[in-house]
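Please keep the sequence and the structure in view while reading.

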Amino acid sequence: MDGEQVVKKGWLIKSSAGRRYKKKFCVLQEGQLLWFRTDNDREPEGSIVLHKYHVRESPELTADTDDDGFASLFSLVSLSLKRETITLGAQTETQKLSWIEALSKAINVEDYIHLCRKKEVEPLPPVMAALHNSALSTINIDNTKLTLDAFRILCGRLTNNSTVKTLSMSGCGLADGFMFYFADLLAENLTLKNVDLSNNHVGNMGVTALVQGIFVNISLQRLNLSSTASATKEPKSWLSC
């Protein structure tokens, strides 16, 4: 940890890949989460790069652990197709929310760095920064060309957002492969009501992926797929109230 700025540290329980929970000393610093066997160890037992994950509360989970009191659980979920999940537990709800806030902020900062290094689209980082605004209800990035990596990160940030109800991404150059990430977003987001994906390159494979997310979504009211590449000739506006 020498020379690195520590944002937050403390004891948590940790589990991944279905393994038993174990108590770890966790350190959040400069885009990474590291964990140690003890608070005196100098070398971490493991670490992850945060821009590859999003953080969410996990009220449905229970901790199988001998460490009493570490029952307030949350998860870091990989943005890769493998969806690797690391579950962590704090002693109190207050501590859990503090960790979630710190991790969310660190993930957003690291996203900016990651996108800038890859010279990704410029308007995206301000959008992600705005997601911290509790009054934000609409995002419109029409005609902003997004790479798959930028789109993947944006979907990860929106997954557990509870304020944005309208998302417009018309003419953003989205293709079938993008829709697998958007389907994951729809499967977990409980707030989005109106989505515009018109004027993109979404074909039948992309629509099939979207259906998987729509099937379990409980909030979406309208999905606009007009002027896309899928086979149906009629303008496509689904789920209209």
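## The sheet

Seven strands form an open sheet in the order S4-S3-S2-S1-S7-S6-S5, and their pairing is antiparallel; strands here are DSSP runs of E with at least two residues, helices are runs of H or I with at least four residues, and both are numbered from the N terminus. Two strands are taken to pair if DSSP finds at least two bridges between them. Strand S4 (46-49) and strand S5 (53-57) stand at the edges with a single partner strand each, so one side of each has no neighbour in the sheet. From one strand to the next, the twist averages 30°.

Within this sheet, strand S1 (residues 6-16) and strand S7 (residues 85-90) run antiparallel and are joined by four bridges, and Ser15 stands opposite Thr87 in S7.

## About the model

The model is predicted, and local features need pLDDT of at least 70, while side-chain atom pairs count only at pLDDT 80 or more and totals for chains, interfaces and linings use all residues. Residues are numbered from 1 along each chain as its sequence is written, and side-chain values use heavy atoms, with hydrogens and water left out.

## Helix packing

Two packed helices are described by the angle between their axes and the distance between the axes. Axes are lines fitted to C-alpha atoms, for helices over the stretch in contact, and angles run from 0 to 180 degrees between N-to-C directions.

Helix H3 (residues 148-158) and helix H4 (residues 176-188) pack at about 5°, with their axes 9 Å apart, and they are therefore roughly parallel to each other, a term for angles under 35 degrees. Their contact (heavy atoms within 4.5 Å) includes Phe151 and Arg152 of H3 and Phe178 and Phe182 of H4. The axes of H4 and helix H5 (residues 204-216) come within 7 Å and cross at roughly 5°; H4 and H5 are therefore also roughly parallel to each other.

## Rings and charges

Ring pairs link Phe151, Phe178 and Phe182 into a cluster, where rings of Phe, Tyr and Trp (its six-membered ring) pair if their centres lie within 6.5 Å. Lys8 lies over the face of Trp99, 5.3 Å from the ring centre, and the charged end of Lys23 sits over the ring of Trp11, 5.5 Å from its centre. Such a placement requires NZ of Lys or CZ of Arg within 6 Å of the ring centre and within 35 degrees of the ring normal.

Terms used: Parallel < 35°, antiparallel > 145°, perpendicular 65-115°, else oblique. Phe/Tyr/Trp six-rings, centres within 6.5 Å; stacked < 30°, edge-to-face > 60°.
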